[in-house]
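The sequence and structure come next.

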Amino acid sequence: MIVRKEKRAFERINLGNLSGSVELMEIVKSISVLNASEEGVCVDGADFPVGSVVRLAINSQEEEPDISLYCKVVWASQGKDPEKKSGLLLLNTNKILFRKDLLSFARLIDSARRQAAP
């Protein structure tokens, strides 16, 4: 039996039906956001190479603006997996330039966490 140690520092939150896109150079693929944490997201629908730097766009929720964040692909589903899942690590280290998007992303996570709480 293989026991895997959890590498994530933050809890993953299910975000329901969020859609958006992932862009690498001029290739844009529609995605669904499966879950997220303060440091990254898991998406379905993109199969970019591990190590690629991509732009993640999350479609707006009711009163929130669209979110645009740069990410690094840290893992991707292998083989013939039809879902094409990928793990994206947030790279927006410039907190001033990406302030609005980072705040919107944090509010999105907080809202989902509150809805999931018993």
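## Nonpolar surface patch

Val53, Tyr70, Val74, Trp75, Leu89 and Leu91 make a nonpolar surface patch of about 470 Å². Patches are built from residues with over 30% relative accessible area and no salt bridge; like charges are joined within 9 Å, and nonpolar side chains (Val, Leu, Ile, Met, Phe, Trp, Tyr) within 5 Å. A salt bridge here is a side-chain nitrogen of Lys or Arg within 4 Å of a carboxyl oxygen of Asp or Glu. Accessible areas come from the Shrake-Rupley method with a 1.4 Å probe, and for residues only the protein chains shown count as cover.

Strand β5 (residues 67-76) gives the largest share of the patch, three residues. Val53 lies in strand β4 (residues 53-58) and is partly exposed, at a relative accessible area of 47%. Buried means under 20% relative accessible area, exposed over 50%, and partly exposed in between (1.4 Å probe, protein chains only). Strands (E, at least two residues) and helices (H or I, at least four) are DSSP runs, numbered from the N terminus.

## Model and confidence

This is a predicted model, in which local features need pLDDT of at least 70, side-chain atom pairs count only at pLDDT 80 or more, and totals for chains, interfaces and linings use all residues. Residues are numbered from 1 along each chain as its sequence is written, and side-chain values use heavy atoms, with hydrogens and water left out.

The average pLDDT (the predictor's confidence in each residue, from 0 to 100) is 80 for the protein, and 79% of the residues score at least 70. Among the elements, β4 has the highest mean pLDDT (91) and helix α1 (residues 99-116) the lowest (81).

## Strand pairing

Two strands pair if DSSP finds at least two bridges between them. Strand β2 (residues 27-37) pairs with β3 in the antiparallel sense over five bridges, and a hairpin of two residues joins β2 to β3. Val33 has Val43 in β3 as its bridge partner.

Strand β6 (residues 85-90) runs antiparallel to β3, joined by five bridges; Asp44 is bridged to Lys85 of β6. Five bridges also join β5 to β6, again antiparallel, with Leu89 of β6 as the bridge partner of Lys72. Four of the five residues of β3 (residues 40-44) are buried, so this strand is largely enclosed by the rest of the structure.

## Cysteines

How many disulfides are there? The count is zero, where a disulfide is a pair of cysteine sulfur atoms within 2.5 Å. Cys42 is buried, at a relative accessible area of 10%. Cys71 is buried too, at 0%.
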